[in-house]
Amino acid sequence: MFDYDRSAAFDVQEVSREQRGGITVRDVSFDVPGSTRRAGAYLVTPPGSGPFAGILYVHWYEPPKPSSNRIQFLEEALLMAERGVVSLLPDTMWSPHEWYTQRDLADDYDASTRQVIELRRALDVLTSQPGVDSERIALVGHDFGGMFGSIVAGWDDRVRSYNIIAATPRFKEWYLFDAKLEGEELDAYVRRISELDPITHIARAKDATFFFQFGRTDRFVPEEKALEFYEAAPGPKQIAWYDTDHEIEAPQAREDRVAWLSERLGLQVPV
């Protein structure tokens, strides 16, 4: 379902770069097999030759929030670079703020499948970076980023640590917010899109550890959905709750995430 030509060249091209102290932030693009467009991303690299851990950060969707794109985790990626992490922060199909209202429901299945492949290709790019230790790779995903990261967990064994933030277990819960489908048309849509449900694919994960983070006042992910998603993931796993909404902006949430990633990836905490 999510296979692609892993041997195809990804042809990373640099658009621009800037230095943040000794850390390099590069705006790059790369090819994705079967796609006519090049995927964009920020590539954040620490100084030195490694060995480095790697993190794939997959952003949320919440327009008109300025963070509703690949910039969301940039400051965190800079922090992790100080601890010896190379991070890739890719664009997604939901990066444009108008994506949700302009998309065609008839294309949701194929577009979602392509997005999973694009994230797997992003892992190709991340793990190919000089000095990156392929045994120390994590994925952090918020909202749709967490949903698609959960699908990756079932099909790609390169990631050993998954941080899933404020994600819901089934696509129909978000793809059909304001849809006008009814009757047989609605039933057919739900049957097909359910084949991609994150709760189904996360259960396939092997040799991975999960850390779920949820907000107690999140109107998009009620507690029963969060717990259902958590229970579906294979162990080892843990869950944390915060007195916040879907944005999960509580400082403690980031502190917990950074601490968990640092432990999982064997990072040195700067003095």
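Guide: Start with a term. Accessible areas come from the Shrake-Rupley method with a 1.4 Å probe. By that method, the accessible surface of this protein comes to about 12,000 Å². Carbon and sulfur atoms hold 48% of that surface. Keep in mind that this is a predicted model.

Visitor: What makes the protein as compact as a globular protein of its length?

Guide: First, its secondary structure: 9 helices and 9 strands. The globule rule gives 18 Å for 271 residues, and the radius of gyration is 18 Å, close to that value, so the protein is as compact as a globular protein of that length.

Visitor: Why is Asn163 called buried?

Guide: Buried means under 20% relative accessible area. Asn163 has 0%, so it counts as buried. Across the protein, buried residues make up 55% of the 271 residues.

Visitor: Where is Asn163 placed?

Guide: Asn163 sits in strand β7, residues 161-165.

Visitor: What makes the link between the side chains of Asn163 and Gln213 a polar contact?

Guide: The cut-off for a pair of N or O atoms is 3.5 Å. The Asn163 and Gln213 side chains are joined at 3.3 Å, so the pair is within the limit. The side chain of Asn163 also reaches the backbone oxygen of Phe211, at 3.0 Å.

Visitor: Which residues is Asn163 in contact with, leaving aside neighbours within four places in sequence?

Guide: Among them are Leu139, Val140, Gly141, Arg257 and Trp260. Phe211 and Gln213 are on that list too.

Conventions
Residues are numbered from 1 along each chain as its sequence is written. This is a predicted model: local features need pLDDT of at least 70, side-chain atom pairs count only at pLDDT 80 or more; totals for chains, interfaces and linings use all residues. Side-chain values use heavy atoms; hydrogens and water are left out. Helices (H or I, at least four residues) and strands (E, at least two) are DSSP runs, numbered from the N terminus. The radius of gyration is taken over C-alpha atoms; the globule rule is 2.2 Å times the number of residues to the power 0.38. Buried means under 20% relative accessible area, exposed over 50%, partly exposed in between (1.4 Å probe, protein chains only). A polar contact is a pair of N or O atoms within 3.5 Å; within protein, one must be able to donate a hydrogen and the other to accept it, and residues adjacent in sequence count only if both atoms are side-chain atoms. Contact means heavy atoms within 4.5 Å.
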